[in-house]
Amino acid sequence: MNNDLISVRITEKRYVAHNIVHIVLQPADNQSLPRFTPGSHIDLHINAGTGKPLIRQYSLLNNPDSQQRYEIAVLLEAHGRGGSKAVHQQLSEGDLMQISPPRNLFPLSPDEDETLLFAGGIGITPILSMAHALQQRQAKFSLHYFAKSIEHAAFAHSLMEGPFSQNVSFCFDDGPADSFDPQSVLKEAARGKHLYICGPQGFINFIADSARASGWHTDNIHFELFSQDLSAANDDNATFQIRIASSGQLIDIGADQTVLEALEEQGFEIPCSCEQGVCGTCLIPVIEGTPDHRDMYLSDAEKQLNNQFTPCCSRALSDCLVLDL
Amino acid sequence: MNNLQSADKHTFLRNAWYVAALSSEVEEQAYFTRKILDESILIYRSKSGKPIALHDRCPHRFAPLSLGSRNGDNVTCLYHGLQFDSEGECVKNPHGNGKIPKACKVQRYITEERDGFIWIWMGDAEKADQDMILDCSRLSENPASSVGHMYMYNQCNYELLTDNIMDLSHIDHLHGPFINTGGKLSPLIPEITENRDGKPLHVRWDWEADPVIPLIAPHMQRPDDKADMFLAVSWTEPSNLTLTLGTVQDSDDYLNDGIMLFDFHIMTPETATTTHYFFASTRNYKMDDAEYNEAKMAGMREAFTTEDKPVIEAQQQEMATHDLWSLNPVLLSCDAGAVRARRRLSQLIEAENI
């Protein structure tokens, strides 16, 4: 609600990589900014001059210990919904704007023996904040940063020279072909080792799948999809598959059919009621894969667990969902 | 398999703030009594004006203490003369040698008076955190001529009243032309958001009004023109809600350029099937017009008592003492917010009873 919004001023706006702008937000007036934890994001309310403000989520990238400032970095997306374009073209230093308090759907666990951070492209933003926090608590960590080239990698230079430069490794598409070997980095899975991944879907899948193949437990793999554009996803129903865990049966889900319909066609009797993600009657446990939650029944925390979904309306972000049926 | 579960319908969330009374209901001297969560509560003001809440039951033979008399800040039981202080400790036993048995004490509840409400903490006193009280500060900050409070008694379960606010689509079906949006609300799937810890839970509807609803239109710059409107509800456990209505023309800034109403709907269970309904309202227009304020509050009471209340009480009659989920209701898109609030509350109650 409007009451909860915070007024901030853009005190810095500058390009830090190809098509990536870095923005520093500081409290307007004498307000104070709530503290945040690494992995948090804010809603930016962007007045694009076209009626209702655009609301977009951006991860905070700065050290959570740095008081009274929030920093974000925004990649210009040519085929986006207009949020990044408005940030790049319409916002200037000195502008006042409204943001939500920080929320964290990608929290860093407080007690880990060792942390591996993986960033793909602009997915570096929450990862940077995590690295600052880990450095602060003198924890053991490594940061693996993947980008098209050094010109496309925001904050690459400061990472190379900064306080934890020893912990950072880079992998550029235009660099040496074998500069990253997932098996060697991920080979020693252990209970106290945790993996955090942020970047595009393909990148997350690649790292997470490599980790699982190396024996990592799913509970130790954490990821946040960068630019998870749910409204765009809603317009465009991708096809995917589901696998029935008990029998191994594979079922194709067409773009114009729900998982519930497909299951019923195959003779499964799934109890359901509202058929639109309100009542939760049809919930099915998910063993593997990432659901595209489109229901209103599960809380944010429950959705984040990705261990159940509503087949009446939710779909999949991964190619296949393994269902506990 | 039905994943919707309610805790036992006679179980209430204990570690939570409830409104016990409007400030105006508790006078300087007189005792005030009200049953809350099936417990009789005695409320009175100490000499310094602070509200004291005690279980309205003498631990001896269970006579209501409110039948007795006040001696300063102490209360004396009418039946056998036991006297208790404002902490509920027995300070006088006129019987035998006057020894006060250890067990002779009355349950005392923590209270906090703010913004025209007397809040009561019904749970573990050590867990009472005043920061968790619903923020109603706007009611104190705005001029009195723009603020109103009221109390209404309802013969229904408090969660049915929460549902009524979490699902505002009923406005277009139940309510008259004064606040009806002309069918704009029902087709909307409300946007639901939650804070990190799941509270409060926000539900919001945005639509283009053409024309603006008659309640608001006369206060707009161009009363006959279309406008952007929104309704937003925030739910905080157990059943404390804020409702905001915003209307604006040619701007995104509802608060500064638009007309806004800020309502507070706070439901306190009396029993499983009866509820104390506390309502307060303020606004950002005609703030100095006390006459308008009075008429507006009267209109809101009228709308609730003649339109909402009869149907919700009849709903309770029809459901008797059955739990909502046990009757397998068919749910619609408009129920999304209410379902989330009910789930959250039942999870909290469950966690408290482990």
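Mentor: Helices (H or I, at least four residues) and strands (E, at least two) are DSSP runs, numbered from the N terminus. This is a predicted model, where local features need pLDDT of at least 70, side-chain atom pairs count only at pLDDT 80 or more, and totals for chains, interfaces and linings use all residues. Residues are numbered from 1 along each chain as its sequence is written, and chains are lettered from A and ligands numbered from 1 in the order in which they are written.

Trainee: How many residues has helix H6 of chain B?
Mentor: It has 17, residues 336–352. H6 of chain B reaches 25 Å from its first C-alpha to its last, close to the 24 Å expected, which is 1.5 Å times one less than its number of residues.

Trainee: Which residues of H6(B) are buried?
Mentor: Among them are Gly337(B), Leu345(B) and Ile349(B). Buried means 20 or more other C-beta atoms within 10 Å of its own, with C-beta atoms placed from the backbone.

Trainee: What covers them?
Mentor: The cover includes helix H2 (158–166) and strand E14 (227–236) of chain B.

Trainee: What does Val233(B) touch?
Mentor: Its contacts (C-beta atoms within 7 Å, placed from the backbone) include Ile165(B), Val203(B) and Gly337(B), not counting residues up to four places away in sequence.

Trainee: How confident is the predictor in chain B?
Mentor: Chain B averages a pLDDT of 92; pLDDT is the predictor's confidence in each residue, from 0 to 100. Over residues 1–9 of chain B, pLDDT stays under 50.

Trainee: And the ipTM and pTM, what are they?
Mentor: The model scores ipTM 0.78 and pTM 0.66.

Note on methods:
Buried ≥ 20, exposed ≤ 12 C-beta atoms within 10 Å, placed from the backbone. Contact = placed C-beta atoms within 7 Å.
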